[in-house]
Amino acid sequence: MAELIFRTGTMDAGKSTLALQTNHNHAARGRVGRLFTSHDRAGAAVVSSRLGLTALAQEVEPDFDFWRYTVDALTQGARIDYFICDEAQFYTAEQVDQLAKVVDELQIDVFCFGILTDFRTRLFPGSARLVELADRTEVLQVEALCWCGKRATHNARTEDGVMVTEGEVIVVGDVDTDPEAAVHAADDVDVAYEVLCRQHHRRGMTAARARAVSLSPEPLPFP
Ligand SMILES: Nc1ncnc2c1ncn2[C@@H]1O[C@H](COP(=O)(O)OP(=O)(O)O)[C@@H](O)[C@H]1O
Ligand SMILES: Cc1cn([C@H]2C[C@H](O)[C@@H](COP(=O)(O)O)O2)c(=O)[nH]c1=O
């Protein structure tokens, strides 16, 4: 039986790496797959991992129809055994419904990868629908860590180094703390992300702020 699987974790947990590994392992056994992504940091139509792997993919625009795409491909004689869907948090709820239909009606395995919640700690619509529909939701085993050493569970956004809780939901960016790597948003604000434990996300306590207020002169190594 084909399955809809959702593999989730914070930013920098290794989801895109696992997506590319999953594709490699299935392709190595002769299975035929297709890759999809949305708003990858490396640009449109590419799945990229911080470990350096990349692969071309189909960019999922808001009006992209997975069901129509699949039926058209099969009708033209293509073979499809599985889909790899990265950055699935950005897919619409309708697109996740289409993926579930592809699994059930066409017996194609669908492996989705994405973050669960946005910088405000709210579920992304695509991720919420995946949790509702997936046969299995799995949290990645590799733990991204908060500056305090606890498991990071939340994604914080910073603008010019200050944590924010309001703004556009989708702003492509990285967890790199190097100011040179920060994304310059339209209004020339430096946008970056940092993964935090819940307590420090609630308190707005990023690593930089913790250093500034000297709560922890040496955040790492942690006890
Ligand atoms: N220089 C490095 N050496 C070893 N592992 C690294 C290095 N840089 C990144 N990683 C690993 O890559 C992970 C991020 O992988 P990636 O697939 O890009 O994450 P995600 O898609 O979840 O944001 C990090 O959690 C870390 O484990
Ligand atoms: C929390 C949050 C993240 N994003 C963006 C930032 C990145 O471009 C991606 C996540 O990619 P990763 O491979 O998991 O690191 O999502 C966003 O647009 N809005 C948010 O709230």
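Helices (H or I, at least four residues) and strands (E, at least two residues) are DSSP runs, numbered from the N terminus. This is a predicted model, in which local features need pLDDT of at least 70, side-chain atom pairs count only at pLDDT 80 or more, and totals for chains, interfaces and linings use all residues. Residues are numbered from 1 along each chain as its sequence is written, while chains are lettered from A and ligands numbered from 1 in the order in which they are written.

**View 1. Residues around ligand 2.** Helix H1 and strand E9 (154-159) each supply at least two residues of the shell around ligand 2. A residue is near a molecule or strand if its C-beta atom, placed from the backbone, lies within 6 Å of it. Ligand 2 is surrounded by 16 residues, of which Met11, Asp118, Phe119, Asn155 and Val172 are the closest. The shell around ligand 2 has eight nonpolar, three polar and five charged residues; here Ala, Val, Leu, Ile, Met, Phe, Trp, Tyr, Cys and Pro count as nonpolar, Asp, Glu, Lys and Arg as charged, and the others, Gly among them, as polar. Domain 1 (4-139) and domain 2 (154-212) each give at least three residues to the shell around ligand 2.

**View 2. Residues around ligand 1.** The shell around ligand 1 has 13 residues, and the closest are Lys15, Ser16, Thr17, Ser49 and Arg50. By class, five residues of the shell around ligand 1 are nonpolar, five polar and three charged.

**View 3. The two domains.** The protein chain is assigned domain 1 (4-139) and domain 2 (154-212); such bounds come from an automatic or database domain assignment. Between the C-alpha centres of domain 1 and domain 2 there are 26 Å. In domain 1, 12 residues are in contact with 13 residues of domain 2, contact meaning that two C-beta atoms, placed from the backbone, lie within 7 Å. The side of domain 1 that touches domain 2 has four nonpolar, four polar and four charged residues.

**View 4. Thr117 and its contacts.** Thr117 sits in the loop between E7 and helix H4 (125-133). Leaving aside neighbours within four places in sequence, Thr117 is in contact with Arg122, Leu123, Phe124, His154 and Asn155. The C-alpha atoms of Thr117 and His154 are separated by 7.2 Å, although these residues are 37 apart along the chain.

**View 5. The open sheet and strand E1.** Six strands form an open sheet with parallel pairing, in the order E5-E2-E6-E7-E1-E8. Strands pair if DSSP finds at least two bridges between them. The edge strands, E5 (58-59) and E8, each pair on one side only. E1 is joined to E7 by five bridges and to E8 (residues 136-139) by four. Arg7 stands opposite Phe113 in E7 and opposite Glu138 in E8. Thr8 has Val139 of E8 as its bridge partner. Four of the five residues of E1 are buried.

**View 6. The largest nonpolar core.** A nonpolar core is a set of buried Ala, Val, Leu, Ile, Met, Phe, Trp, Tyr and Cys residues joined through C-beta atoms within 7 Å. The largest has 28 residues, and Phe83, Cys85, Leu99, Val110, Phe111 and Cys112 have the most contacts inside it. Strand E1 (4-8), helix H1 (15-28), strand E6 (82-85), helix H3 (93-106) and strand E7 (109-114) each give two or more residues to this core.

Note on methods: Buried ≥ 20, exposed ≤ 12 C-beta atoms within 10 Å, placed from the backbone.
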